[in-house]
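Here is a brief report on one protein model.

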Amino acid sequence: MDTLLYISAGAGVGFAVGLTGIGGGSLMTPLLLLFGFPAHIAIGTDLLYAALTKASGVFIHHRQRSVDWQLVKLLCLGSIPATVLTVFLLKYLFAGSEHYSPILSTCLGFMLTLTALVLIFSNKLKKSQFQTKAKLTGKRLKYFTVFMGVALGFLVTLSSVGAGALGTAILLLLYPALISIRVVGTELAHAVPLTLVAGIGHIWLGNVDFNLLAALMIGSLPAIYVGTKIGKYLPENVMRMILATILLVLGVRYLI
């Protein structure tokens, strides 16, 4: 019975991802917490779930040449070491998962709230992309991109949330000349190695439920496809605002 519930959960989140393009981590982790999973299991399992579900998207964007691999390398230069360091800190600074779970829950609340705000103001971010010029150039821009990767690596490893929406916002603000399709492709190409390395780190910490992961994947993969097809006929802005409101409520709940 539980397996069917988790397959249904995967289908529901996958369908929502297909409809809106919003990363599953923003929805999946709070849902797993609602099912009674502790924060460390929900976050660890969801990180691997995110890496697996996004991988095919990277291949498609690569074939379309809509990935700026130089930007992906810069982001990874910051995010991957930060992810590894965060995992080591969780392993060796705390006696066990029960000691750092409150930190994960607080970080989750912060990232859900931040993701909701990014979604609410996403249209303004896109408009500013075409109305502003990059204030940082050359080496300063590269260094700042790496620094943003560090922040993403740290926060995503602790919450499983933000690789998509926050990564997109960073690219929109730092690289206003980057066209929308390359923003999406580049963000996705960075999110996969980030969540994969973080997920592997959580395997090492013992924070991944593989039976749960399998059930979520079974439900989500076909549902993402169906959601993508139906999403073409629904008002994207309305759907994104509804989900942003849900995420904002959840984020505030885990912060207080």
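Apart from neighbours within four places in sequence, serine 220 touches Gly10, Ala11, Gly14, Tyr49 and Thr53. Serine 220 sits in helix H10, residues 210-231. Its relative accessible area is 0%, so serine 220 is buried.

**Confidence**

This is a predicted model. The mean pLDDT of the chain is 84, and 86% of the residues reach at least 70. Where pLDDT is low, the predicted coordinates should not be read in detail.

| Residue | Helix | Relative accessible area |
|---|---|---|
| Serine 220 | H10 (residues 210-231) | 0% |
| Threonine 157 | H7 (residues 138-159) | 0% |
| Leucine 33 | H2 (residues 25-34) | 18% |

Why does leucine 33 count as buried? Its relative accessible area is 18%, and the cut-off for buried is under 20%.

Leucine 33 belongs to helix H2. Leaving out neighbours within four places in sequence, leucine 33 contacts Pro38, Ala39, Ala42, Leu108 and Tyr254. Isoleucine 43 lies ten residues from leucine 33 along the chain, and their C-alpha atoms are 9.1 Å apart.

Threonine 157 is part of helix H7. Which side chain forms a polar contact with that of threonine 157? The partner is threonine 83, at 3.3 Å. With neighbours within four places in sequence set aside, the residues in contact with threonine 157 include Ile43, Leu47, Thr83, Thr86 and Val87. Leu152, Ala198 and His202 are also among them.

**Helix H3 against helix H5**

Two packed helices are described by the angle between their axes and the distance between the axes. The axes of helix H3 (residues 39-63) and helix H5 (residues 97-120) approach within 8 Å and cross at roughly 70 degrees. H3 is therefore roughly perpendicular to H5. On the H3 side, the contact uses Ala39, His40 and Ile43. H5 supplies Ser97, Tyr100, Ser101, Leu104 and Ser105. Four of the contact residues are nonpolar, four are polar and none is charged.

Technical notes: Residues are numbered from 1 along each chain as its sequence is written. This is a predicted model: local features need pLDDT of at least 70, side-chain atom pairs count only at pLDDT 80 or more; totals for chains, interfaces and linings use all residues. Side-chain values use heavy atoms; hydrogens and water are left out. Helices (H or I, at least four residues) and strands (E, at least two) are DSSP runs, numbered from the N terminus. Buried means under 20% relative accessible area, exposed over 50%, partly exposed in between (1.4 Å probe, protein chains only). Contact means heavy atoms within 4.5 Å. Axes are lines fitted to C-alpha atoms, for helices over the stretch in contact, and angles run from 0 to 180 degrees between N-to-C directions. Angles under 35 degrees count as roughly parallel, over 145 as roughly antiparallel, 65 to 115 as roughly perpendicular and the rest as oblique. Ala, Val, Leu, Ile, Met, Phe, Trp, Tyr, Cys and Pro count as nonpolar, Asp, Glu, Lys and Arg as charged, and the others, Gly among them, as polar. pLDDT is the predictor's confidence in each residue, from 0 to 100. A polar contact is a pair of N or O atoms within 3.5 Å; within protein, one must be able to donate a hydrogen and the other to accept it, and residues adjacent in sequence count only if both atoms are side-chain atoms.
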